[in-house]
Structures are given as structure tokens and as C-alpha cells.
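Hi everyone, thanks for coming. I'll walk you through one structure today, so please have the picture up as I talk.

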Amino acid sequence: MNTQKLKKIINHVFIKHGLSNKHAKISSNYIIKAELVGAPSHGLARLKMYCNRIKKKLINCKPKIKIKKISQSISHIDANNAIGFVGADTGIKIAISNAKKTGFGMVGVKNSGHYGLSSFYAEQAVKKNLMVWCFTNAPPAIAPYGSTKALFGTNPVCFGAPTGNKIPFILDASASIINRGKIRRAEKLGQKIPAGVALDKNGKPTTNAKKALEGVQLPIAEFKGSGLAWMVDIVSGVLTGANHGGKVKDPFDDLTGPQNVGHLFIVIKPGIFVGKNYLTQIKKNLKAVKRLPRSNMIKKILYPGENKYAKYKKNIKKSIEIPDNILQEMNKLNAI
Ligand SMILES: NC(=O)c1ccc[n+]([C@@H]2O[C@H](COP(=O)([O-])OP(=O)(O)OC[C@H]3O[C@@H](n4cnc5c(N)ncnc54)[C@H](O)[C@@H]3O)[C@@H](O)[C@H]2O)c1
């Protein structure tokens, strides 16, 4: 389907479910963006989930978002259970504004929800020539190292840096081998998941998406990935006052209350220590890697973010393909 037409439909669905025009626009933009960067795990496949939560009043359509200024650089936001896209969008915009004024901006957000891809927010800072770290916690998916029970979310770590060219450096990776959305989408489409990414509830390796969702996802690099997920839980949840330690509610399966996800955004001026020399040095840094001898396994040495940028440029000219059962879900939501 044509991107603009699709965006209008999603926008309309959100407005029908009660979001304001402004919040519907923010949310539909991010959902379409996920499709365009080749991350359908965080796109249309989640529309029904957001609408369900709105209908059950677990996402607040008319949030009174409170912004507390702690200093010129630091702000604390209570998103009042707004849809996660809006809680996070408010947060990153304030972190950017604080960093522009003082060189350093940090914003903690509590009472938010699932915000999609961290790169949505990192990109906004990098476009303003700022360096950025984004963190969010998520519902239990990964077992802490040594345990058999899922407790940490797939908790992505995201870092963005201006490169002096139009393609930003954006490393945006979950602490699990694959993100949970890929497993959710595979379940919806009746597809298998790759081997080696999850265990079923009895601790046996599985490629069955449903069984994987009932079991645990494997972290990247064993205790190191589980440690990263833990760090993200601490900075997103403990630090901001959001849920943590396994208490973030699953947006699909747990309708007992708002998710209370937490996010942390840290934004700095990249010349904070070296001034204009930053751009000279980052360009040298990227070149040093690009010039290395290339493994036969790959066509080109890329930096993080290059692949998503290339997909976006390619996909923006095409229509978005929607699997049949996701289209049916969308049609039902649009008809409400
Ligand atoms: N909101 C949430 O609760 C939540 C939770 C988990 C993950 N997520 C999102 O899911 C996405 C992460 O999924 P993933 O871990 O499966 O990501 P991925 O494996 O697709 O990509 C991870 C990173 O590796 C980089 N990369 C990929 N191929 C590369 C190559 N050939 N050379 C160099 N770099 C390369 C990508 O640019 C990206 O920065 C992120 O956008 C994350 O924010 C969201």
C-alpha cells in the first residue's frame, strides 16, 4: 500500500480510538517509519496491541504529561501513561533542547509505554548535530544469567553520533539475540524463528515462536548480554521511577494495568571536549574502519545505522507490503 495512504489510515485508526490529532500523528509516523527502515516487528504488527490498550484505558488518550526541570540540563517527565511514542518523543525533544543550551541534556521518563525503535529518538538528536544515548526497559524476556526465569526485557542500547555526512552512526541493538517483536510477528504470521535465539518453558532450544514467547529469549554473549539488559533496567527503571525488576507489563499479554515503562535520554554536544576537531576525528575514525581488508562473507563494511538508512531510502519509493492477516486486523480496527 502507498506509504502516505497507509499513514492516513493509521492516523485515522488512532484518532477513532481516542488519541488527539497530535498524538495520533506522532504515533502513526513512528509506526510507518519502522516499516520503512525494515523493522516490521515494530510497525503495523503492533497496531492492534496499541488499540487494545487504548480501549482498555491502559494507554491514556488524554495524558497530563508533567515535566519537572531539575536543572538547566536535567528534566524528569511523568508521561501519565501516554502512548510510549508520545512519552518518548516529549523526552527526547526536551533532552535535545537542554543539550543545545548547556552542552549536556539528560531526561528520565516514567509512566510511559512501548516506544518502538530507539533509533527514532536517537536520529532526532543526531540530525541536530548532537551525540545521544537512548535507553528503555521492556517486559520480561531474558533470564538473568544463572536463572531459568525471564525477568529483564530485551532492553535495547542505542547510541548515535553525527558523522559529518548524511548517514548518521546509530547503533541500536537489543540485549537479546533478536528483538521480541520479531518473535511476536513470526507467531502472528505462523513462521519459525531462527535456531539458537530462544528456549521453551522447559529450557529446551526452540524455533517455535509461541513456545519461545512462553520461555526465555537468549541474551547476546551470555552473561554480558544479561548484564547489559540489567544496566538498561537500572537506568530506565530504577533511576527514573518507572517499573523495573520484571514489573514492566507485557503490552500484548498483560492487561492488568499500564506498563509504566521508563526511558532515559542523554544528549551532548559532540565538540564538548575537542571543539570543531570532533568532525575531523570522527571522519578519520570511520575511514580507518572502512579501509580495512574485507571478509569474504560480506559485500561491504558498514557502520551501524548504514543498513537501516539504505533500507529507508529504498523503501520510501516503494509501497509497503502488508501480510494478509495484519491487513485484516487493520481493516477491522479502521471499521470500528
Ligand atoms: N521498545 C522496546 O521495548 C524495544 C525492545 C527491544 C528492541 N527494540 C528495538 O528493536 C531493534 C533492535 O533489534 P535487533 O537487536 O534485532 O537489531 P538488529 O540486529 O537489526 O541491528 C542491531 C544494530 O546492528 C547494526 N547492524 C546491522 N547490520 C550491520 C552490519 N552489517 N554492519 C554493521 N552494523 C550492522 C544496525 O544498524 C543496528 O544498529 C532496535 O531498533 C531496538 O530499539 C525495542
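Let's start with Tyr-312, which sits in helix α10, residues 306-315. Helices here are DSSP runs of H or I with at least four residues, strands are runs of E with at least two, and both are numbered from the N terminus. This is a predicted model, where local features need pLDDT of at least 70 and side-chain atom pairs count only at pLDDT 80 or more, while totals for chains, interfaces and linings use all residues. Residue numbers start from 1 along each chain, as its sequence is written.

Leaving out neighbours within four places in sequence, Tyr-312 is in contact with Leu-36 and Val-37. Contact means that the two C-beta atoms, placed from the backbone, lie within 7 Å. Gly-105 is 207 residues from Tyr-312 along the chain, and their C-alpha atoms are separated by 28 Å.

Now for some helix packing. Helix α1 (residues 3-17) packs on helix α2 (residues 21-36) at about 135°, with the axes 8 Å apart. Those axes are lines fitted to C-alpha atoms, for helices over the stretch in contact, and the angles run from 0 to 180 degrees between N-to-C directions. So α1 and α2 are oblique to each other. For the naming, under 35 degrees is roughly parallel, over 145 is roughly antiparallel, 65 to 115 is roughly perpendicular, and the rest is oblique. On the α1 side, the residues that meet α2 include Leu-6, Ile-10 and Phe-14, and among their partners in α2 are Ala-24, Ser-28 and Ile-31. The residues of this contact divide into seven nonpolar, five polar and two charged. Nonpolar here covers Ala, Val, Leu, Ile, Met, Phe, Trp, Tyr, Cys and Pro; charged covers Asp, Glu, Lys and Arg; the others, Gly among them, are polar.

What about α2 and α4? They pack at about 95°, with axes 9 Å apart, and are therefore roughly perpendicular to each other. Here His-23, Ile-26, Ser-27 and Tyr-30 in α2 meet Phe-85, Val-86 and Asp-89 in α4.

Among the residues Phe-265 touches are Ile-92, Ala-95 and Val-132.

Next, helix α6, residues 180-189: seven of its ten residues are buried, so α6 is largely enclosed by the rest of the structure. The cover over those buried residues includes β7, α7 and β8. Just after α6, Gly-190 takes a positive phi of about 65°.

Last stop: the loop between β8 and α8, which holds Ala-221 and Glu-222. Ala-221 has a positive phi near 50° without being a glycine, and Glu-222 has a positive phi of about 50°, again not a glycine. Ala-221 is exposed, with 12 other C-beta atoms within 10 Å, and Glu-222 is exposed too, with 10.

Methods. Buried ≥ 20, exposed ≤ 12 C-beta atoms within 10 Å, placed from the backbone.
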